[in-house]
Amino acid sequence: MKVGINQSHIVGLSTQFIIVLYNIMNYPEEFSKYDSFYLVKNDGVRDISRNNFNSMNMPHISDEKWDSLKNWWSSFLDQSDEGITDVINIGLGGLEESIESLPLYDGMDSSKHHLYEKLRDVQKEYFPWSADLIKRVDDEIIKLGINENTLGVHLRLSDMTKNSKYSGIVMRANTMEEYVKCTKHVLMENPNINKIFVMGENENLIAEFKTYFDIPVVNYEDCLLGTLDDEYGFHIEQSTFILDAKYWFDTYVDILIASKCHTFLASLSSVSHNVIIFNEVLKKLYYTNDLKLKTLSKDRT
C-alpha cells in the first residue's frame with residue numbers, strides 16, 4: 001500500500017526531508033503498514049514563498065502558478081504517485097516545538113553517527129535517489145576530481161549573516177573571515193587535503209571564498225545560485241528559487257557530492273546535516289560552531 005506524505009512545516013526541503021526520515025524512523029508502528037511513500041508538493045514550501053513575498057510587498061503566488069509547478073521532490077527522488085491510496089500529514093513528529101530540537105543540531109557530535117546511519121537507512125529503503133541525480137553526481141565527482149583528499153565546506157552565509165534573529169543561538173561562523181579561518185584550521189590539521197569542494201547559496205560569496213586558498217577550490221557550477229548577498233536580496237531570490245524543481249535538484253547534487261568527502265566542515269544548517277546523514281565515508285567532521293571558538297581563542301593569545 002502506497003501513501004502520499006505531506007510535510008507542512010514551514011522550512012526548506014532539506015529540513016523537511018530530515019523530518020520525514022525522522023518520523024518514519026521514530027514511529028514504525030504508524031508507518032510500517034505502508035509499503036512505499038510518495039512525497040507530495042507540499043504547502044510548507046509555498047508558505048515560505050508566500051511569507052517572503054508578502055513581507056516585501058511582492059506579487060503573491062497565484063493558485064494557477066502553484067498548480068503548474070513540478071513536484072520538486074520528484075526532481076531528485078525516484079518516486080511515482082501511481083497507486084497512492086491516501087495522503088497523510090506530518091509535522092515535526094516528536095521533535096518538540098522547534099526544529100532545533102532535532103538531535104542533529106546538538107553540536108553535530110560524531111558520537112551520534114548511529115542516528116545518522118538510521119536516517120540514511122530509511123532513505124535507502126523508502127526514498128531512493130533518482131537516476132538523473134545519481135548520474136549528475138557521478139559525472140561531477142569525476143569532473144571535479146573529488147576524492148579522499150578533498151575537504152567539503154558548506155559556506156552558509158547570506159541571511160544567516162545579516163539576520164539579527166539568529167544572533168545568540170550558537171557561536172557559528174557568520175562572516176567570510178571566520179569561515180576562512182575555520183577552513184584554514186582544518187587544512188592545518190589535515191595536510192593530506194589538496195582540494196576544497198565548496199557549496200553555498202550565493203555565487204559571489206563562493207567566488208570570494210576561492211580567493212583565500214593556494215590549493216584548488218571547486219564547486220558545482222551548474223547549481224542555481226543567488227547573486228544578492230544582503231538579507232533582503234537573499235529572500236527575494238530564495239522566494240523564487242524554492243518553487244523551482246531545479247533548485248532542489250541542484251541542492252541535492254551539492255549535498256551528495258559533499259557526502260563523498262572524507263573530511264567535512266559543516267555549518268548550522270539542515271543542508272550540512274543532509275551531507276552528514278548521507279556520507280558513508282566520513283572520517284573527520286568539523287563544525288564552524290566549535291572552530292569559531294578555537295580560532296578566536298587562538299587570535300587572542
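A residue is called buried if its relative accessible area is under 20%, exposed if over 50%, and partly exposed in between (1.4 Å probe, protein chains only). The model is predicted, so local features need pLDDT of at least 70 and side-chain atom pairs count only at pLDDT 80 or more, while totals for chains, interfaces and linings use all residues. Residues are numbered from 1 along each chain as its sequence is written, and side-chain values use heavy atoms, without hydrogens and water.

**Exercise 1.** Classify the ring pair of Phe17 and Phe127.

*Solution.* Step 1: rings of Phe, Tyr and Trp (its six-membered ring) pair if their centres lie within 6.5 Å; planes under 30 degrees apart count as stacked, over 60 as edge-to-face and the rest as tilted. The count by this rule is 18 aromatic pairs.
Step 2: Phe17 and Phe127 have 5.9 Å from centre to centre and 80° between the planes, an edge-to-face pair.
Step 3: Phe17 belongs to helix α1 (residues 13–26) and Phe127 to the loop between α6 (113–126) and α7 (131–144), so the pair ties together parts 110 residues apart in sequence. Helices (H or I, at least four residues) are DSSP runs, numbered from the N terminus.
Step 4: Phe17 is buried, at 0% relative accessible area, and Phe127 is buried at 2%.

**Exercise 2.** Classify the ring pair of Phe17 and Tyr252.

*Solution.* Step 1: the ring centres of Phe17 and Tyr252 are 6.0 Å apart and the planes stand at 80°, so the pair is edge-to-face.
Step 2: this pair links Phe17 in helix α1 with Tyr252 in helix α12 (residues 245–258), 235 residues apart.
Step 3: Tyr252 has a relative accessible area of 0% and is therefore buried.

Methods. Helix = DSSP H or I, 4+ residues; strand = E, 2+ residues; numbered from the N terminus.
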